[in-house]
Amino acid sequence: MSKLRIVIAYLFVCLVIVILLLRYAYLQINDHQDLLTKSVENYSSIVATQPVRGGIIDRNGVILADNRVSYAIAILPKDNNNIEELFKTLESYINLTALDKKKYAKQLRQSKNYDWVIVKDDLSNTEVANLTSHAYLFPKLNIFAHTKRDYPFSEVYSHSVGYVSRVSQMDKKKLDAAGTTQNYLANDYIGKNGLEQKYESVLRGTIGKKIIRTDAHGNEVGLISNEPANDGYTLQLTLDNVLQQQAYKLLGNHKGAVVAIDPQTGGVLVFVSKPGYDPGLFLDGITPEDWEDLQQDERNPLLNRGAQGTYPPGSTFKPFMSAAALYLGVRTPQYRYNDIGYFVIPGSSRRFHNSGGGRALGTLDFVTAIAKSSDAFFFKLGLDMGVDRMDKGLSLFNLGSKTGIDLPQENTGLLPSRAWKAKRFAKDAYQVNWQAADSVNMGVGQGFNHYTPLQMAFATSILANDGVYYRPHLLDKVIDKSGSVVTTYHGTKEEIPIPKAYLELVKTGMQKVMQIGTGASIGQGLRYTMAGKTGTAQVVALAAGSRHAKFAGEKYKDHSWFIAFAPVDKPKIAIAVLVENGGFGATAAAPIARAIFDTYLLGAESHESMNALRYKKFTPRVNESAHDEEEDSSENNDNGEENETFIQD
């Protein structure tokens, strides 16, 4: 070999060595982190750890929503190409139903390729034992424990607590928009209704991440790092479980709603809408059969009658009419009116009769007009106020507006105005303009008036508290898993401009209702002071003399209303009770309110004993680490052609 060739070969070798050294330096400096990550990924796996969803408890610590342990099996779709063969094998060890397969298919459509998809949930102990003992047949099957929502009182709280269900495609879009998608897995649960939906971010917690070392077969052989999940917070509500259950029971087989509020705080003590539904039906996706049953149920159990159902208020409207009329100067406290049993609009022959067949009540002031529920008195007041002043005065009590309660859905109700009617009846030349009869009907809580029981309870609490009020709310405290209070709800104090003297006059009339008026039978034997007002609201207008129950079907019977507060001097509770098609306010709705007041104001001892004996209470999860185991409307009374109108109390 010539010297030249030796030199060339030597230079070539040196060049190669330099290139290799440069490449080595580049990899060490520029690609170090990337290569290290890839190296770790070759022998590790990332496992998400679920947070424990926070519970929901009542004001005394009784658990209203909690978590229970459930065993499930899941697969990675990318590792199981022949799912039908897998199902066939599994059916030898567990009861795999057509519904299970349908739910699997639905979840599969919503999942990503690397998500675990549940094949069957809520395995029995026998099924878990069968699968565990034959685990060698299912190397790519994950048997795991996780928590599922539990609602111990089922339908009693369905319209307030709500429910959770699996994350849907629509939920995913909302999570994407909020930038919180990374906090949920494909099969996760999310609040869908009620407080579960309203406080989802508080109850949910944050997901954790665990990196484990695996062998060549993907089996866990060690822990590399662990970023624990943060459990969700527990919500303590203002609701009282004893009162809630009592109200639900007292409604019996009737449809209706009961809402009770502490006027001093705005805390809601009772929020019942009956009938309710089983929240557990929605946990893993409601079956078509169950959904059809709920949809076809004539009682409409999915309607939240407390916050979404609207009804004519009947005579429970009169105290608010009185306060508004005094405030706006339409009446003075000294005003007197001679009730002859009916009212006639000047220039018209049409008579608007008192309830009970048009019995004359004689000369009345405001107190006795409210106590005896004189329709003639308020027919005339409605006409004298007119729609514009009624709109201005009644809106002070929040009627016709959302209360702002911390529930995801609420109806505004309807406090009618000229503009509303012009829009509503734009194509009806006869109805489009506001008529004198509209004002007359509105004066006694009929006509176009429609409000929710929540609105009526809130308005009553404003009146009870001399015009000072706090917005209704269900949340009282947020509690962490150690039992420490994280935040406490503090409402904003607000006040309406109606002078206290006018409100006191109205309250005196309502107290007389319980002594000499339409609620006297309910007021007997009271051991505290109570002010109330009965209401019997027409569902449809029938010809005089034909409105007795025996002539009308159940669905045409009047709605029974009662509003009240107690004690009168310093009210602790204000209530609105609605019994759909319940008849007279004094016979259906008022007894329910009286029983609840007795329990709340006199039955403290029985509260504690009932809670202690019958109900599971909230216990903080101190040092717990379970993540890995884990009427429509009335017929707008008598705006038509009839010459006589009978309005009941």
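Visitor: In which sense do E11 and strand E12 pair, and over how many bridges?

Guide: Please keep in mind that this is a predicted model. Strand E11 (residues 256-261) and strand E12 (residues 268-274) pair in the antiparallel sense, over 6 bridges. As one example of a partner, alanine 260 is bridged to valine 270 in E12.

Visitor: What do E11 and E12 form, and how many residues are between them?

Guide: The two strands form a hairpin with 6 residues between them. In the turn, glycine 266 has a positive phi of about 85°.

Visitor: Which way does strand E23 run relative to E11?

Guide: E11 and strand E23 (residues 573-579) run antiparallel and are joined by 6 bridges. Here valine 258 has valine 577 as its bridge partner in E23.

Visitor: Which residues point each way from E11, and are they buried or exposed?

Guide: The general idea is that side chains in a regular strand alternate between the two faces of the sheet. In E11, Gly256, Val258 and Ala260 point one way, whereas Ala257, Val259 and Ile261 point the other way. All of these are buried, and the strand is accordingly described as mostly covered, with 6 of its 6 residues buried.

Visitor: Let us turn to charged side chains. How many salt bridges does the count come to?

Guide: Side chains of opposite charge can pair when their charged atoms come close. The count for this model comes to 29 salt bridges. One of them joins the side chains of lysine 148 and aspartate 122, at 2.9 Å from N to O. Lysine 148 lies in strand E5 (residues 141-150) and aspartate 122 in the loop between strand E4 (117-120) and helix H5 (125-133), so this pair ties together parts that are 26 residues apart in sequence.

Visitor: Are lysine 148 and aspartate 122 buried or partly exposed?

Guide: Buried means under 20% relative accessible area. Lysine 148, at 1% relative accessibility, therefore counts as buried. Aspartate 122, at 36%, counts as partly exposed.

Visitor: Where do lysine 507 and glutamate 504 lie?

Guide: Both lie in helix H18 (residues 500-513), 3 residues apart, which is about one turn of the helix. Lysine 507 is buried at 2% relative accessibility, while glutamate 504 is partly exposed, with a relative accessible area of 32%.

Visitor: Which residues do salt bridges that share partners join into one network?

Guide: That network consists of Arg68, Asp121, Asp122, Lys148, Arg166 and Asp284.

Notes. Residues numbered from 1 in each chain as written. Predicted model: local features only at pLDDT ≥ 70, side-chain atom pairs only at ≥ 80, totals over all residues. Heavy atoms only, no water. Salt bridge = Lys/Arg side-chain N within 4 Å of Asp/Glu carboxyl O. Helix = DSSP H or I, 4+ residues; strand = E, 2+ residues; numbered from the N terminus. Buried < 20%, exposed > 50% of the residue type's maximum accessible area, 1.4 Å probe, protein only. Pairing = 2+ DSSP bridges.
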